[in-house]
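Please work through the exercises below with the sequence and the model at hand. Each task is followed by a stepwise solution.

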Amino acid sequence: MFNKKMIIGVFLLFIMVVSGCGQRNAEPGKKVLILGFDGMDLERTKVMMDAGELPNFAKLRDMGGFSPLATTIPPQSPVAWATFSTGLNPGEHNIFDFLRRDPDTYFPALSMADVKEPKRKLGIGRWSIPLSSPEIKNFREGVPFWKVLSDHGIPVSVLRVPVNFPPDECGHQLSGMGTPDMLGTMGTFSFFTNRPVDKTTETGGRIQEVEIRNNTVEAGIEGPNNPYKKGEVKLTVPFKVYMDPASETIELRLQDQSLFLKRGDWSRWVKVRFEFMPMMNATGIVRFYLKEIEPYFELYMSPINIDPKNPALPVSYPSGYSKELAKEGGPFYTQGIAEDTWALNQKRLDDESFLKQSEIVFEETLRNFHHEWRDFHSGLLISYFSSTDPLQHMFYRYTDPECPGYDAEKAKRYGSVIPDTYKKMDRVLGEVLSAMDKDMTLIVVSDHGFAPFRRAVHVNRWLVEKGYMVLKGPSLQESGEFFDNVDWEKTRAYAIGLNGIYLNMAGREKNGIVQQEEADALKAELIRGLEAVVDPDNGKKMVNKVYRGDQAYSGQYAGNAPDLVVGYTRGYRGSWQTALGAAPKVLVEDNLKAWSGDHCIDPALVPGILLSNKKIMNKTNPSLMDIAPTVLNEFHMAPLPAMTGKDVLE
Ligand SMILES: [Zn+2]
């Protein structure tokens with residue numbers, strides 16, 4: 001009845017990007033290599049270089065230059081890398097935070113990309129056939145500099161740069177942060193156990209209670225909804241585990257695969273095939289980690305990654321490019337934020353297994369980089385390395401005795417994780433330095449620095465205490481996530497995301513009450529109040545500076561910006577509850593999570609770094625806005641009119 005090819009062509013899980021300008025120019029010519037190290041901190045890099053611990057960074061500094069690199073307001077990776085890519089301020093590229101909010105509902109949503117189901121579907125019995133293409137949208141606006149180069153015939157390869165999903169259609173692109181897993185989330189792990197678990201406090205993952213019968217566990221991997229079925233019908237793939245407690249080993253059987261795992265082992269990538277119609281399926285890939293067999297069975301499964309060999313969504317351009325990479329180096333994490341920080345926060349992974357997983361991510365990233373570096377003859381190559389960011393987030397507590405989660409004993413083992421990660425990046429740089437020829441321009445960039453995250457600030461509580469936010473019922477009552485208990489008719493300001501505060505504007509927000517003519521005075525009042533607020537437990541200032549959105553940003557999307565952006569002092573950060581619009585009872589509390597380092601504070605306190613084999617011009621005070629014009633100039637091309645940065649290399 002239906003042409004199967006047509007159906008495949010329009011189906012959400014079968015988007016094939018038509019291969020276009022994937023040709024590589026083998027002619028030798030101008031080369032620019034950019035290595036991006038997320039969150040490499042200026043001070044730490046300096047100290048380690050001076051101590052001789054980063055010999056290759058020091059070598060590059062002496063060859064050309066080393067400079068602080070001003071980050072964005074706020075210093076969050078999606079915002080910063082979008083500025084890096086486009087040379088635009090957030091008011092022009094439209095990424096202001098990890099989360100944006102819908103003024104019609106006050107609900108948060110992810111800010112980077114969106115995958116919407118096809119608009120037109122045809123219902124036949126219990127089937128529902130998509131007739132139009134699904135919408136996959138990168139919210140990043142503006143033109144990245146690699147697109148400009150590619151349009152001028154210069155070969156470009158862009159690996160894992162954040163906020164590049166779906167990837168730009170030019171050269172070779174592997175998408176990065178912002179790429180979802182098969183469930184459409186930023187990464188949802190699963191945890192199979194027979195240990196009694198309080199599911200109500202679980203976030204970031206799915207706990208599945210299992211039973212053990214005759215040393216056998218039967219469970220299922222819950223995949224995406226079947227878009228071919230009416231209503232929400234989850235695709236589930238069953239698997240079986242045969243346990244041998246004596247040898248602390250399991251055999252896991254899944255579809256036609258079988259693998260053996262010892263306690264403490266990470267599995268190889270395992271293919272999971274979801275069948276949504278006879279003969280039609282989509283595959284994802286997962287890794288298992290066997291945490292425990294006795295007294296309780298505990299099996300972690302990674303988020304279901306889009307299979308690079310058979311991608312259900314466009315993780316690369318051209319679509320065959322991820323296959324090429326996987327064919328050569330094996331499958332790899334395609335999910336944008338691959339290190340499972342949340343599983344460690346929730347204690348589903350421990351320090352050791354998280355470290356191992358981070359190592360896997362790094363090795364896979366390195367393999368992808370080698371694939372390009374080996375044949376890099378001309379044009380632009382960018383390779384983004386994530387490791388420095390998640391490892392600083394999670395292991396800061398072992399380097400900071402003032403951190404509430406500090407443990408002197410464990411610090412002996414894990415205190416070196418962060419410096420070791422920096423040294424690892426130094427080795428990547430060393431490889432490049434030893435093989436590079438003289439006409440290559442090398443640029444090393446980090447998007448922001450790092451700081452301890454000791455105390456979590458509940459900004460909505462402050463708004464409640466000062467009367468800017470009003471809760472239903474008695475005034476000191478709490479509010480749960482998504483402004484559960486907020487009386488919008490009386491609320492003038494609300495905080496959501498990691499740094500943002502919005503006024504409840506009449507005509508903009510659904511139940512807005514703040515009139516245009518009151519807005520200026522209200523912003524000024526909030527800034528005065530927030531900049532004066534101190535931690536009631538120790539009298540320390542918690543906020544360094546509050547930025548006004550209408551002054552910090554300009555451009556066509558500036559209206560989407562938060563009205564105020566809070567720049568915390570070192571040691572403080574907006575709480576996770578604040579990010580989701582909750583107002584707990586207290587103003588500030590100890591951060592006891594493993595996630596103990598952060599950078600979402602005042603951008604002036606966490607600059608990134610810039611190094612190059614070319615001299616960095618004096619007194620240019622480089623910022624992320626300058627990278628795009630600098631690279632274009634290396635190829636003798638003028639910056640686009642919207643780019644306001646400057647070339648910073650001599
Ligand atoms: Zn980070």
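This is a predicted model: local features need pLDDT of at least 70, side-chain atom pairs count only at pLDDT 80 or more; totals for chains, interfaces and linings use all residues.

Residues are numbered from 1 along each chain as its sequence is written, and side-chain values use heavy atoms, with hydrogens and water left out.

**Exercise 1.** Determine the strand order of the open sheet and identify its edges.

Solution. 
1. Strands are DSSP runs of E of at least two residues, helices runs of H or I of at least four, both numbered from the N terminus; two strands pair if DSSP finds at least two bridges between them.
2. The eight strands follow the order β2-β34-β25-β1-β24-β9-β10-β23, with mixed pairing.
3. β2 (65-69) and β23 (316-317) each have a single partner strand, so one side of each lacks a neighbour in the sheet.
4. β23 pairs with β10 (residues 172-174) in the antiparallel sense over two bridges; Y317 in β23 is the bridge partner of Q173.

**Exercise 2.** Identify the protein donors of the zinc ion and classify their arrangement.

Solution. 
1. Donors are N, O and S atoms within 2.8 Å of the metal (3.2 Å for Na, K and Ca); water is not among the atoms, so sites may look incomplete.
2. D389 (OD), D389 (OD), H393 (NE2) and H599 (NE2) lie 2.1 to 2.5 Å from the zinc ion.
3. The donor residues are spaced D-x3-H-x205-H in sequence.
4. D389 lies in helix α10 (residues 388-395) and H599 in the loop between β33 (597-598) and β34 (608-612), so the pair ties together parts 210 residues apart in sequence.
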